[in-house]
Amino acid sequence: RQTYSILVNFFASCMQPFMAEEFLKKMREDGLKPDVDLFTATVAAYERTGQPLKAVQLMESMQEDGYDFYGVKVLNSAFKKAIKLVNKVGKTLSSSESTSGEQQSLKYVDLNDEIDEL
């Protein structure tokens, strides 16, 4: 368990969340339950590397281990930041033009008001 914790924290701190997540999966395969701190470190690394969708997916996967990520204050904050980043990207994509000069047909949905209620 301790070796996995060291590896997950190492990769998360080195801005390699994919590797950290791989060790979270390996922990599960070996019958160990990752703790919230390991999830938090990995989610924060995804956030810092500009991968909000991966962060959200990992937070959702915490339910497999019996965690409610909405109840974890640090993850709740990370989730809100991830949604804000997704919204920012959505605004940029919906207002940009394609190479042919036609407006892209992406629908932007602002979730900022929704997440403030969490």
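Author: Helices here are DSSP runs of H or I with at least four residues, strands are runs of E with at least two, and the numbering starts from the N terminus. The model is predicted, so local features need pLDDT of at least 70 and side-chain atom pairs count only at pLDDT 80 or more, while totals for chains, interfaces and linings use all residues. Residues are numbered from 1 along each chain as its sequence is written, and side-chain values use heavy atoms, with hydrogens and water left out.

The loop to look at is the one between α4 and α5, where Asp65 has its place. Asp65 counts as buried, at 13% relative accessibility (buried is under 20% relative accessible area, exposed is over 50%, and partly exposed is in between, with a 1.4 Å probe and protein chains only). Leaving out residues up to four places away in sequence, Asp65 touches Arg28, Lys33, Pro34 and Phe39, where contact means heavy atoms within 4.5 Å.

Arg28 is the partner to follow. Its salt bridge with Asp65 has the closest N and O atoms 2.7 Å apart (a salt bridge is a side-chain nitrogen of Lys or Arg within 4 Å of a carboxyl oxygen of Asp or Glu). Arg28 belongs to helix α2 and Asp65 to the loop between α4 and α5, so this pair ties together parts that are 37 residues apart in sequence. The side chains of the two residues, Asp65 and Arg28, are also joined by a polar contact of 2.7 Å. A polar contact is a pair of N or O atoms within 3.5 Å; within protein, one must be able to donate a hydrogen and the other to accept it, and residues adjacent in sequence count only if both atoms are side-chain atoms. Arg28 itself is partly exposed, with a relative accessible area of 23%. Glu64 joins in as well: Arg28, Glu64 and Asp65 are linked in a network of salt bridges.

The whole structure holds four salt bridges. One of them pairs Glu22 with Lys25, with 3.6 Å between the closest N and O atoms. Both residues lie in helix α2, three residues apart, or about one turn of the helix. An α-helix has 3.6 residues a turn, so residues three or four places apart point the same way. Glu22 is partly exposed at a relative accessible area of 30%, and Lys25 is partly exposed at 36%. Another salt bridge joins the side chains of Lys26 and Asp30, at 3.6 Å from N to O. Lys26 is partly exposed at 36%, as is Asp30 at 42%.

A nonpolar core is a set of buried Ala, Val, Leu, Ile, Met, Phe, Trp, Tyr and Cys residues joined through side-chain atoms within 4.5 Å. The largest one has 19 residues, and Leu24, Phe39 and Leu58 have the most contacts inside it. The elements giving two or more residues to this core are α1, α2, α3 and α4. Of these, α3 gives the most, with six residues. Leu24 is in contact with Val8, Pro34, Leu38, Phe39, Thr42 and Leu58, leaving aside its neighbours within four places in sequence.

Pro34 is on that list, and Asp35 comes next, in the loop between α2 and α3. Asp35 is partly exposed, with a relative accessible area of 31%. Its side chain reaches the backbone nitrogen of Leu38 at 3.0 Å. The C-alpha atoms of Asp35 and Ser5 are separated by 8.8 Å, although the residues are 30 apart along the chain.

Ser5 is one of the buried residues of α1, along with Tyr4, Val8, Phe11 and Ala12. Seen down the axis of α1, the buried residues fall within an arc of 140°, so they line one face of the helix; the arc is that of the directions from the helix axis to the C-beta atoms. What covers these buried residues includes α2 and α3. The face turned away from the buried side carries the exposed residues Gln2, Thr3, Ile6 and Ser13.
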